[in-house]
Amino acid sequence: MKAGFSIFKSTAFSLLLVVLVCATVLVWAWQRTPLLTAFLPPNSLLQLSPDKDNQPVLTVGRNGTAETSTGLVEAEVKHDQKMETNLKTDVQIMEFAPPERSENTSSTTGKEQYNENVNDQGCNYAKGKWVLDNSRPLYSGFHCNQWLSHMWACRLMQRKDFAYEKLRWQPKNCQMEEFEVSKFLERMRDKTLAFVGDSLGRQQFQSLMCMITGGKESHDVKDVGKEYGLVMPHGGTRPNGWAYRFSSTNTTVLYYWSTCLCDLEPINTTNPETDYAMHLDRPPGFLRQFLHKLDVLVLNTGHHWNRGKLKANRWVMYVGGMPNTNRRLAMIGDAKNFTIHSIVNWVNSQLPKHPHLKAFYRSISPRHFVNGDWNTGGSCDNTTPMSIGMEVLQDESSDYSAGNAVKGTGVKLLDITALSQLRDEGHISHYRTTAAKGVHDCLHWCLPGVPDTWNEILFAHISATSVINS
């Protein structure tokens, strides 16, 4: 009996020892392996310790905020009064690394080797990290006056730190083809690229114009706005967009202003103070009229979807040609999602008619207001990028609306949300000379800046498609 009890005690002790060893290994692995954070419950917070170089601590919560050792930082995109609820960020603490270039990439003659993996269709350009690159920026913020609005040219403002211009996006496990003007124009020879969306779409448009021209005056470019109806309206302060053509390759780049990506029409054409029907299920008239002339289309919307904007613009939601009576669509977030799905589905339905068209929906650009919103004292004074020591590892987009809308369609997702979320130091902030005291712009970006990366990713997609189709 005693022998049996002794054996039992020995077995129990062995099991206990095994459990303790396993628990120790798991705890050690949890601390050493960020990917284990994927198993956190949906509403939990992720607390990661500083790395060996004492990089800032980051706490990422599914409730949309991130807290560093230097204070609270908003890490989620939010629409007016927390309307945006469809975003998440899964970013991991990593050691900040220098640019990952092989020996072949150090010289101009090695670019072919550097780009050997860029057409790999398995490359997710949204996964990766920001690395230092002293060859940046791609153009001068001082000299791109022909295309760049002064309100976004931080080199012409009171800002004194420009380290944010020296970061390059490095995708994980693959190289992204470097943007080259000659390659872009050749691949877009006799083609038209159109940005259709809000002011962030306009920033991407201006960024690309500066990238193509190198930020210099160009006499090779013609204004062809009239071909697309982009002219100054009677009594207006600006046209509904701009279109420019590079004569050397007959390449056209244009932007059309459509903040909600739905058709807008006056309800009473005889009344100058009339409300406007906001057709949630109808694409903008510009697209219906000119889609056949486009070869690359980039759509975006998001930050105008709030009650204040709808009221100020006198927009009334319509569905099926009638005022909306669906109580669910009366919710701004649901109306936005409905519209995104509607425009993506419509473009997808047009692709068989226009097989040359490559369509993209660009995910939402994040805001970084801290301690308030744009009109309640919110600010973004950080000059040290949140991206230091961090990497985006998630497979799905942080913008659920955009990611879900394009699934199963021929419209590709230009996913820029998570990578842009790490760049809170890159906004206009309070540096604009004409800004009211205490008002920060934590929505729009300094140019040169983050939108240049959006265009680099777009170029990589265009290049991959060009190789496949050649």
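K437 sits in the loop between strand 20 (427-429) and strand 21 (441-445); strands are DSSP runs of E with at least two residues, helices are runs of H or I with at least four, and both are numbered from the N terminus. Before you start, note that this is a predicted model, where local features need pLDDT of at least 70, side-chain atom pairs count only at pLDDT 80 or more, and totals for chains, interfaces and linings use all residues. Residues are numbered from 1 along each chain as its sequence is written, and side-chain values use heavy atoms, with hydrogens and water left out.

**Exercise 1.** Work out whether K437 is buried or exposed, and how far it lies from G377 in space.

*Solution.* 
- Step 1: the cut-offs are under 20% relative accessible area for buried, over 50% for exposed, and partly exposed in between (1.4 Å probe, protein chains only).
- Step 2: K437 has 87% relative accessibility, so it counts as exposed.
- Step 3: K437 and G377 are 60 residues apart in sequence, and their C-alpha atoms are 9.9 Å apart.

**Exercise 2.** Find out how confident the predictor is in the protein chain.

*Solution.* 
- Step 1: pLDDT is the predictor's confidence in each residue, from 0 to 100.
- Step 2: the chain averages 79, with 73% of the residues scoring at least 70.
- Step 3: over residues 25-120 the pLDDT is below 50, and this stretch has 197 contacts (heavy atoms within 4.5 Å) in the model beyond near neighbours in sequence.

**Exercise 3.** Now do the pair D161 and R159, then count the salt bridges in the structure.

*Solution.* 
- Step 1: D161 and R159 meet at 3.1 Å, N to O.
- Step 2: D161 is partly exposed at 22% relative accessibility, whereas R159 is buried at 2%.
- Step 3: the structure holds 19 salt bridges, and a network of them links D133, R136, R168 and E456.

Note on methods
A salt bridge is a side-chain nitrogen of Lys or Arg within 4 Å of a carboxyl oxygen of Asp or Glu.
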